[in-house]
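Biologist: I would like to learn how to read the side-chain features of a model, one at a time. Could you take me through them with a case for each?

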Amino acid sequence: MTLHELVAGSLPQWGEGAGDILVGDDEATIAIERFDPTLRDGLSSFFSQALRRSPDERFGNAEDMLRAWHRAFEPLDKVIEEGGQHRGRRAQA
């Protein structure tokens with residue numbers, strides 16, 4: 001949840017955003033539109049798995065999660081290699 005808040009500026013929400021997140025069947029609503037367009041696909045994939053309601057569907061361990069986090073930022077490496085400019089910095093976890 002903290003990583004989502006860092007990159008989106010808001011916490012993810014479950015259901016209508018009110019009440020206990022442990023109640024109900026809704027998956028998290030991820031603020032995809034608030035992600036940098038260069039990173040949107042990777043971050044969406046990362047958070048979709050990291051915030052799954054079922055623990056069995058989340059990352060198996062911290063190393064898997066860290067690898068996925070780094071993969072989400074690989075498009076920045078490509079922009080830099082191609083000589084492009086990007087306002088953000090490569091995130092380190």
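Modeller: Let us begin with Asp64, which counts as partly exposed at 28% relative accessibility, where partly exposed is the range between buried (under 20% relative accessible area) and exposed (over 50%), calculated with a 1.4 Å probe on protein chains only. This is a predicted model, in which local features need pLDDT of at least 70 and side-chain atom pairs count only at pLDDT 80 or more, while totals for chains, interfaces and linings use all residues. Residues are numbered from 1 along each chain as its sequence is written, and side-chain values use heavy atoms, with hydrogens and water left out.

Biologist: With which residue does Asp64 form a salt bridge?

Modeller: Side chains of opposite charge can pair when their charged atoms come close. The rule here asks for a side-chain nitrogen of Lys or Arg within 4 Å of a carboxyl oxygen of Asp or Glu. Asp64 meets this rule with Arg67, their closest N and O atoms being 2.5 Å apart, and Arg67 is itself partly exposed, with a relative accessible area of 45%. The two residues are 3 apart in helix 3, and therefore separated by about one helical turn; helices here are DSSP runs of H or I with at least four residues, strands are runs of E with at least two, and both are numbered from the N terminus.

Biologist: How many salt bridges does a search of the whole structure find?

Modeller: The search finds 3. In one of them, Arg52 pairs with Glu27 at 3.5 Å between the closest N and O atoms. Because Arg52 lies in the loop between helix 2 (40–50) and helix 3 (62–72), and Glu27 in the loop between strand 1 (13–14) and strand 2 (28–29), this pair ties together parts that are 25 residues apart in sequence. Arg52 also meets Glu57 in a salt bridge, at 2.6 Å from N to O, and Glu57 is partly exposed at 40% relative accessibility.

Biologist: How should I read the buried side of a helix, and which residues of helix 3 are buried?

Modeller: An α-helix has 3.6 residues a turn, so residues three or four places apart point the same way. In helix 3 the buried residues are Ala68, Trp69 and Ala72. Seen down the helix axis, they fall within an arc of 105° and so line one face of helix 3, the arc being that of the directions from the axis to the C-beta atoms.

Biologist: And how are aromatic rings read?

Modeller: A pair of aromatic rings is described by the distance of the centres and the angle of the planes. Rings of Phe, Tyr and Trp (its six-membered ring) pair if their centres lie within 6.5 Å, and planes under 30 degrees apart count as stacked, over 60 as edge-to-face and the rest as tilted. The count by this rule comes to 6 aromatic pairs. Phe46 and Phe47 have ring centres 5.0 Å apart and planes at 80°, so they are edge-to-face, and both are buried. The rings of Phe46 and Trp69, with centres 5.1 Å apart and planes at 65°, are therefore also edge-to-face; this pair links distant parts of the chain, with Phe46 in helix 2 and Trp69 in helix 3, 23 residues apart.

Biologist: Which residues form one aromatic cluster?

Modeller: Phe35, Phe46, Phe47, Phe59, Trp69 and Phe73 do.
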